[in-house]
Amino acid sequence: MSYSGSGDTGGASRAGGASSAGGASSAGGVSSAGGAWRNDGGVQPHAFDPDVHPELFRGVLTRRMFAFLIDLVVLSVPVILACVFIAVFGVVTLGLGWALFWLVSPASIIWALVYYGSSLGGPHSATLGMRVMDLELRTWYGAPGYFVLGAAHALVFWMSVSFLTPLVLLIGLFNGRRRLLHDIVLGTVVVNSSVRVPVPQPARTT
């Protein structure tokens, strides 16, 4: 799906001296050709403007909180089952199997990174919790997520909360796009997936 973007979505370039004739721009380096945006300077316009489309960000922080709790349950179930299996296996092996408990922590981290990477990098660009709450992860210029970005999103989130305390989440209250610190660091934004408005895409160059 696609979303509306910045205030530059009027279909015309606003850079100084830019011309829309023939779909090419002049001085500004930004043009709209065939309905697609092109920036010769390599900087793409922001795809999400809270002033133009505030509905994209309405209730996002509250929804993200519930989505996080849902994902926490999803992540916890396999870990709990693994712990139960190791406990029973340890009884059967007269305690030898309990040595596998040391694998639980690193395996849980790997499982979380795989979960977030595959779900945020999947076709819905959302975890199971985010899908339930009608949320979707996008890059600041409107592209969907990918595996490395999804895994990094989870990793930077936990690092920010661990080193800066959960109070760092309050930063979402002080910006129109409701971005958290790890969103700003990674250049991502979470929007309401139920809102469908067009987003300008950069034109491909050959």
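Where is the place of Arg179? I found Arg179 in the loop between helix H4 (147-164) and helix H5 (181-186).

**Ground rules.** I noted that this is a predicted model, in which local features need pLDDT of at least 70 and side-chain atom pairs count only at pLDDT 80 or more, while totals for chains, interfaces and linings use all residues. Residues are numbered from 1 along each chain as its sequence is written, and side-chain values use heavy atoms, with hydrogens and water left out.

**Overall layout.** I looked up five helices and four strands in the protein; helices (H or I, at least four residues) and strands (E, at least two) are DSSP runs, numbered from the N terminus. Along the sequence I read the pattern β-β-α-α-α-β-α-α-β. I took contact to mean heavy atoms within 4.5 Å. Among contacts between residues at least 6 apart in sequence, 67% join residues at least 24 apart.

**Arg179.** I returned to this residue for its surroundings. The Arg179 side chain does reach the backbone oxygen of Thr188, at 2.9 Å. Leaving out residues up to four places away in sequence, I listed the residues Arg179 touches, among them His46, Trp140, Ile171 and Val189.

**Surface patch.** Which residues make the nonpolar surface patch of about 520 Å²? I wrote down Phe85, Phe89, Leu100, Trp102 and Leu103. Patch residues have over 30% relative accessible area and no salt bridge; like charges are joined within 9 Å, nonpolar side chains (Val, Leu, Ile, Met, Phe, Trp, Tyr) within 5 Å. I placed Trp102 in the loop between helix H1 (60-92) and helix H2 (104-120). Trp102 is exposed, with a relative accessible area of 62%.

**Positive phi.** I checked two residues here. Ser125, in the loop between H2 and helix H3 (128-132), has a phi near 50°, a positive value in a residue other than glycine. Ser125 is buried, at 0% relative accessible area. Asp134 lies in the loop between H3 and strand E3 (135-139). Its phi is positive, about 60°, although Asp134 is not a glycine. I noted Asp134 as partly exposed, at 34% relative accessibility.

Note on methods:
A polar contact is a pair of N or O atoms within 3.5 Å; within protein, one must be able to donate a hydrogen and the other to accept it, and residues adjacent in sequence count only if both atoms are side-chain atoms. Accessible areas come from the Shrake-Rupley method with a 1.4 Å probe; for residues, only the protein chains shown count as cover. A salt bridge is a side-chain nitrogen of Lys or Arg within 4 Å of a carboxyl oxygen of Asp or Glu. Buried means under 20% relative accessible area, exposed over 50%, partly exposed in between (1.4 Å probe, protein chains only).
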